[in-house]
Amino acid sequence: MPTRASTLVIGALSAVMMSYTALALIPGFQLSTVEATPERIEYTAAQARGRLVYQREGCLYCHTQQVRAEGFGVDQARGWGSRGSLPGDYVYDDPPLLGSMRTGQDLHDIGHRVPSLEWHLTHLYQPRALVAGSLMPAYPYLFEVRDPADVLPSEVTVALPRQYQPGDGKVVVATRDALDLVAYLQSLRVSPVLQADGGTAPTVN
Amino acid sequence: MNHPIQPPAVLTGLPPKSPGIPGYAWRQEVDRSTRLPVLTFTASAIAWLLIGSAIALLAAFKLDFPDWLAGQAALTFGRVRPAHLHATIYGWISMAGVGIMVWLWARLLKTPLRGQWLVLTAAVLWNTGLLVGVTAILAGGSTGVEWLEMPLTAFLFIVAALLLVAIAMVWTLIHHRVEHFYISVWYLGAGMLWMPFLLLVVLLAPQKGLAQATANWWFAHNVVGLWLTPVGLATAYYLIPRITGKPIYSYNLAYLGFWTLALFFGWTGVHHLAGGPLPQWLEAVSIAFSFMMIIPVVAVAVNFHKTMTGSFNRLKDSVALRFVVFGAVSYTVVGLIGAVQSFRVYQEVVHFTQHTVAHAHLGVYAFASMIAFGALYHVVPRLTGRDWESSRLVNLHFWVAAGGITIQWAALTIAGFTQGLQLLDPVIPFVEIARSLKPWLLVRSITGVFLTAGHFVFAWLLYRNVRPSSAVRTRMNSTAAQEAGFDVSATIAQRSA
């Protein structure tokens, strides 16, 4: 018995440790020295909170955050980024929310593409108010419906087409979660990278 | 044992008769020892199947009707989707796998299960961890890491459970009464070693930054290939010869299939990040190993097909065999598609599309789950001493499951190609792509309803088998088969004839 069983144990363990080394340890080592791309800085408190909202609501199951390089798909032709995403774009992302499904658009450069706070708030409250036929869920629980008299000057109300307004003269007010989430989305920008000769590289392979 | 273990001179699919252990008596002894642990894991698995199916329908219909129940945070698609994955992967198929594995282990080693209480404790820990974890996801506590969305604590319960089962299995192995370890024992032993390893390294030694993504997909893909696959193949390697009465076509091919799976599969996971912001060598390696997976997939396919040759008529009377063969064929299909799918020309079209959902369900449902259904239809009567109450319902389950998953896979694959080709045309507005998905997503939801109905049928049949009405109990207890101590046949038609 020891002969056969130990062959199995040693063989199976070695096999899995080899692939673990190749796909987890070596990339960890190789990518540990990557520096953040220009304009990538630590998230502000609001953006970090917003990132947690993104994570908790599972936005990554429909949205990716990886602009593909030229020649593999047409992400850049779609206006989803001026260059392919690079490892340096994810240095402050723990965990990186790369996503794996594009039921919705790629969002890695959404901060450039749609910078408007107002647009995002309306879209989060009711996506179909802005994009007819959208499959995206609505997030009314990130908002509060209130009497206009109860809205503080510092708070943000959501602009809505008449048919999506709550009625009874009430307004929709963004909660802190909604504002933080938009702050995070606005921070998602893929900026050009400087090359050694001073030129900017839209794409680095 | 006081002599070295050698494989028998003539390798056949069936283990040699063990010296000095008379007739079928040892089977009853072994089945008595595995009865409670296996039935506990089976019942847990089916409960999670029902929960996971309900959550799946919720998720599916939310994509068809996005404003449905939109006010409930716990039911939003982004929370329900990972909850579904955990309930079905770590719940249904993993727990069913453990139940089947424990039964096979004791039977193939021809010795009663040792450490039954370890396995029972494991079931309690596992259910607790999963319940806490799935609830946490719905409550907004997702970690944001795909396939690992439950909080760490929940996973540690499951790891502890796996280790307890592993201890029981090693303990049982020490007391084996066979001269040769059949190929299924290899697959099961390896799977039992791999799964805790995967969880432990990815949870307790996480990588930073982008390497976290590569480690993540190494893990997630290996759950399918180094845990679900070995258990599924071990089951098929046992049940196909067992029900047809024929030995495996080529034992050497079986060994080849095992070792190439072990050596190649682990390197394929990064194909989930095809085209992503990774060092090129990682993608190249994953593509190469994904293609090399053709070797174990074909080895297994040849073995099963050649073993079945001349016995395909048995599919008519044995529903258990039907489930297992459907699963085995699905393994071939998902394996071959997977091997070529990682190539850039294919990935460029289907990456990020419904094709991935189709492929995932082809693997975990059409392959792993169908084999699990077949195995449970075979195993449970042997533990309870009672046959299934209604052959018609068993058949219904099969056809609903087989038909449902085939249509779902086909619809989502077509949807994936359509979606992918549209994504590649920058002129097509994105909202158009989402709109053209709608009919396919509706097909997905409807087939999901059929699959779920099948699950309820299965759960009902299991309930009736474990706790039949007193009238049924009397009828079954008086059969000659029971009195002879003969183990109950899985051929329903013969029984009702």
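How are α2(B) and α3(B) oriented to each other, roughly parallel or roughly antiparallel?

1. This is a predicted model, in which local features need pLDDT of at least 70 and side-chain atom pairs count only at pLDDT 80 or more, while totals for chains, interfaces and linings use all residues. Residues are numbered from 1 along each chain as its sequence is written, and chains are lettered from A, with ligands numbered from 1, in the order in which they are written.

2. In chain B, helix α2 (residues 77-109) packs against helix α3 (residues 116-138) at an angle of about 170°, their axes being 9 Å apart. Axes are lines fitted to C-alpha atoms, for helices over the stretch in contact, and angles run from 0 to 180 degrees between N-to-C directions. Because angles over 145 degrees count as roughly antiparallel, α2(B) and α3(B) are roughly antiparallel to each other.

3. Residues that make this contact (C-beta atoms, placed from the backbone, within 7 Å) include B:His86, B:Tyr90 and B:Met95 of α2(B) and B:Trp126, B:Leu130 and B:Ile137 of α3(B). By class, the residues of the contact are 12 nonpolar, 3 polar and 1 charged, where Ala, Val, Leu, Ile, Met, Phe, Trp, Tyr, Cys and Pro count as nonpolar, Asp, Glu, Lys and Arg as charged, and the others, Gly among them, as polar.

4. Between the chains, 62 residues of chain A are in contact with 65 residues of chain B. On the chain A side, the largest share, 19 residues, comes from α1(A), and that side has 37 nonpolar, 18 polar and 7 charged residues. Helices here are DSSP runs (H or I, at least four residues), numbered from the N terminus.

Notes:
Helix = DSSP H or I, 4+ residues; strand = E, 2+ residues; numbered from the N terminus. Parallel < 35°, antiparallel > 145°, perpendicular 65-115°, else oblique. Contact = placed C-beta atoms within 7 Å.
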